[in-house]
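The following note sets out several points on the structure shown below.

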Amino acid sequence: MDNNKNMENQNNQYTSGTQYGQTGQFNQNDPYAQNTQYTQNAQYPYGSPYAQNPVNGQYASGSQYGGTPVIESDRRGLGILGAALGALAGGVIWTIIGCLGFVSGWIAALIFFLARWGYKLLSKKQDTFGNVISVVFGLIVIFPATWAAYAFSVWKALNEGIVGHFSYMEVVFDLGMYMDRYDLWGDLGANLAMGYGFTILIAVCYLIGNRRYK
């Protein structure tokens with residue numbers, strides 16, 4: 001009777017002394033012994049997605065979480081290019097509106113948003129640097145866009161009745177002389193001030209509102 005009990009204890013699923021056996025989580029006679037699913041020294045066996053590696057870190061190299069960490073490449077250079085292209089597109093719109101005889105501060109705001117959109121499109125993110133560089137490009141592009149619009153107006157006036165007497169590019173390069181002759185510097189300065197003012201105002205309002213939202 002005693003011998004039968006001893007044999008039953010030895011072949012039992014769990015050994016005495018611990019909850020799950022002395023040599024591992026499960027005893028040697030169990031289907032889940034230490035050499036199968038679970039090991040004695042690791043929560044998970046080597047080769048599983050979560051295997052421990054005591055040398056290289058928490059997870060084994062080559063497992064789901066092992067190996068060299070992937071570092072996201074810096075796309076800031078592409079973001080700057082995108083901001084420049086976006087601001088340039090806004091500058092073209094500013095010039096077209098100016099050639100039609102209109103000046104709109106909202107187009108200056110559009111230049112900022114196009115530059116910001118271009119930065120985000122190519123850099124795949126939007127950060128403080130992107131917002132700042134968008135404002136900078138917006139301010140830069142307003143001057144040549146305004147200059148081109150005024151050159152068109154002067155070119156159109158000079159060629160009234162004399163078609164093709166002056167080329168547009170000639171007027172662009174000699175615009176300063178015509179600005180002096182027809183006293184147009186004041187108007188140019190007012191349009192530039194409007195463009196710069198709206199760009200800065202919209203950018204500041206947007207950034208403050210975005211920060212409060214976050």
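1. The coordinates are those of a predicted model. Lysine 124 lies in the loop that links α3 and α4. Most residues other than glycine have a negative phi. With a relative accessibility of 58%, lysine 124 is classed as exposed, because the cut-off for that class is over 50%.

2. Aspartate 183 occupies the loop between α6 and α7. This residue, again not a glycine, has a positive phi of about 55 degrees. Its relative accessibility is 62%, so aspartate 183 counts as exposed.

3. As to the overall fold, the protein chain contains 7 helices and 0 strands. In sequence order the pattern reads α-α-α-α-α-α-α. The protein chain has 214 residues, of which 32% are buried.

4. Which residues touch the most other members of the largest nonpolar core? They are Trp94, Val154, Val171 and Leu175, in a core of 27 residues. At least two residues of this core come from each of α2 (76–99), α3 (105–123), α4 (128–158), α5 (168–173), α6 (175–182) and α7 (185–213). The largest share belongs to α4, which provides 10 residues. As general background, nonpolar side chains in soluble globular proteins tend to be buried together.

5. Apart from neighbours within four places in sequence, tryptophan 94 contacts Val103, Ser104, Ile107, Ala108, Ile111, Ile142, Ala145, Thr146, Asn191 and Gly195.

6. Two helix pairs involving α4 may be considered next. The axes of α2 and α4 are 7 Å apart, and the two helices pack at an angle of about 30 degrees. Angles under 35 degrees count as roughly parallel, and α2 and α4 are therefore described in that way. Their crossing is right-handed.

7. For α3 and α4, the axes come within 8 Å and the crossing angle is roughly 135 degrees. That angle falls between the limits of 115 and 145 degrees, so the pair is oblique. The crossing of α3 and α4 is right-handed. On the α3 side the contact involves Ala108, Ile111, Phe112, Ala115, Arg116 and Tyr119. These meet residues of α4 including Phe129, Gly130, Asn131, Ile133 and Ser134.

8. Alanine 115, located in helix α3, deserves a separate remark. Its relative accessibility is 0%, and the residue is counted as buried because this value is under 20%. Leaving out residues up to four places away in sequence, alanine 115 touches Gly82, Ala83, Gly86, Ala87 and Ser134. Between alanine 115 and glycine 79 the C-alpha to C-alpha distance is 9.5 Å, while the sequence separation is 36 residues.

9. How many disulfides does the model contain? The count is 0, where a disulfide would require a pair of cysteine sulfur atoms within 2.5 Å. Cysteine 99 has a relative accessible area of 23% and is partly exposed. Cysteine 205, at 46%, is likewise partly exposed.

Technical notes. Residues numbered from 1 in each chain as written. Predicted model: local features only at pLDDT ≥ 70, side-chain atom pairs only at ≥ 80, totals over all residues. Heavy atoms only, no water. Buried < 20%, exposed > 50% of the residue type's maximum accessible area, 1.4 Å probe, protein only. Core = buried A, V, L, I, M, F, W, Y, C linked by side-chain atoms within 4.5 Å. Helix = DSSP H or I, 4+ residues; strand = E, 2+ residues; numbered from the N terminus. Contact = heavy atoms within 4.5 Å. Axes fitted to C-alpha atoms, helices over the stretch in contact; angles between N-to-C directions. Parallel < 35°, antiparallel > 145°, perpendicular 65-115°, else oblique. Left-handed = near helix turned anticlockwise from the far one by under 90°.
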